[in-house]
Protein chains: 2
Amino acid sequence: MLQVSRKFEYGLHAVTYLATKGLGRVVTVKEMADEIGFSQEFLSKAMQSLKRAGIAASVQGVKGGYRLGKAIEEVTVADIALAIEGKPHLVRCGVKADRCEIFSSCHHRGYINTLQHKIQALLTATTIHSLLKEIEG
Amino acid sequence: MLQVSRKFEYGLHAVTYLATKGLGRVVTVKEMADEIGFSQEFLSKAMQSLKRAGIAASVQGVKGGYRLGKAIEEVTVADIALAIEGKPHLVRCGVKADRCEIFSSCHHRGYINTLQHKIQALLTATTIHSLLKEIEG
DNA sequence: CTTAATAGGGTTAAAATAGTCCTATTTAAC
DNA sequence: GTTAAATAGGACTATTTTAACCCTATTAAG
Ligand code: SF4
Ligand code: SF4
């Protein structure tokens with residue numbers, strides 16, 4: 001269906017939330033989930049992925065939470081997608097060749113791979129900074 | 001995971017198969033499935049979708065099968081995707097607004113929709129004709 | 001030492017995708 | 001006209017992926 005995962009949307013919303021509500025401020029998952037309207041548990045998983053990628057930074061313990069890990073000019077939508085969904089692969093042979101029974105005789109991979117790179121370029125072209133400008137402006 | 005459906009790949013392979021093996025020739029699903037290396041039953045479903053969209057034409061009865069329904073200069077990858085997967089929607093609110101609990105407060109739709117249009121433009125930019133030239137050349 | 005938070009493994013539930021099966025219809029060939 | 005080879009398509013099942021939840025451990029403020 002060529003659809004973006006829900007977790008990615010959770011992550012994207014979370015990052016823009018962090019970016020708008022105080023740049024250095026530490027925000028709990030609970031606050032974000034309540035404000036945005038998402039499931040706290042699931043958003044928590046998304047935040048953990050973002051943290052591992054350095055997009056968010058975490059503070060543990062009471063008064064803990066998350067804040068941005070990078071300047072919003074340096075985080076692209078592609079980064080968030082990578083952090084949450086892992087390396088993109090439009091076709092199953094991108095995961096592993098033997099996942100496709102016709103791998104050795106397929107003549108379409110080249111095209112599909114360039115297509116993928118173009119899509120990736122689109123995602124890379126948008127930083128969170130420019131996304132916010134687009135939303136507000 | 002942003003992955004293309006298997007049925008779409010079946011369809012794409014089938015169309016290029018029809019295009020290379022004789023333009024007017026009527027080819028059975030069995031032949032295509034055997035040659036390409038796909039499941040006959042499932043490929044059959046893909047062909048039915050392509051037929052409904054006019055991309056393939058069918059001949060029923062003994063000696064029946066499929067042939068191309070349009071000139072390969074007039075069929076784009078986007079057409080095949082549309083025929084097989086239906087209207088694209090990168091996010092669930094594209095199917096129906098109430099599929100997302102935060103629809104009314106979401107500020108990301110605009111961006112995601114332009115992203116979708118750009119991806120769609122990429123698919124529309126490749127006709128089967130140009131795809132074949134790319135493969136052969 | 002208690003409490004509020006993240007970290008993360010493991011499990012379950014729901015949905016989408018992939019594939020199969022079966023029957024009806026069409027039509028060429030005999 | 002009967003048979004056989006094909007598409008048409010509905011219904012079903014299996015598999016895989018996604019989404020969500022639960023539970024325990026760890027961290028650190030008060
Ligand atoms: S059909 Fe080709 S592009 Fe698609 S998964 Fe198989 S090898 Fe890859
Ligand atoms: S979060 Fe926004 S873009 Fe995503 S499905 Fe909901 S309304 Fe649509």
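**View 1. The shell around ligand 1.** Helix α1 (residues 6-20) of chain B contributes the most to the shell around ligand 1, with 3 residues. Helices here are DSSP runs (H or I, at least four residues), strands likewise (E, at least two), numbered from the N terminus. The model is predicted: local features need pLDDT of at least 70, side-chain atom pairs count only at pLDDT 80 or more, and totals for chains, interfaces and linings use all residues. Residues are numbered from 1 along each chain as its sequence is written, chains are lettered from A and ligands numbered from 1 in the order written, and side-chain values use heavy atoms, without hydrogens and water. Ligand 1 sits between chains A and B. Residues surrounding ligand 1 include A:Cys93, A:Cys100, A:Cys106, B:Glu9 and B:His13. By class, the shell holds 6 nonpolar, 1 polar and 4 charged residues. Nonpolar means Ala, Val, Leu, Ile, Met, Phe, Trp, Tyr, Cys and Pro; charged means Asp, Glu, Lys and Arg; the others, Gly among them, are polar.

**View 2. The surface near DNA strand D.** Near means a heavy atom of the residue within 4 Å. The surface divides into 8 nonpolar, 11 polar and 10 charged residues. Its largest share, 4 residues, comes from α3(B).

**View 3. Polar contacts to DNA strand D.** A polar contact is a pair of N or O atoms within 3.5 Å. A polar side-chain atom of B:Ser58 is 2.7 Å from a phosphate oxygen. For B:Val29, a polar backbone atom lies 2.9 Å from a phosphate oxygen. B:Gln48 places a side-chain N or O atom 3.1 Å from a base nitrogen.

Conventions
Polar contact = N/O pair within 3.5 Å; in protein donor to acceptor, adjacent residues only side chain to side chain.
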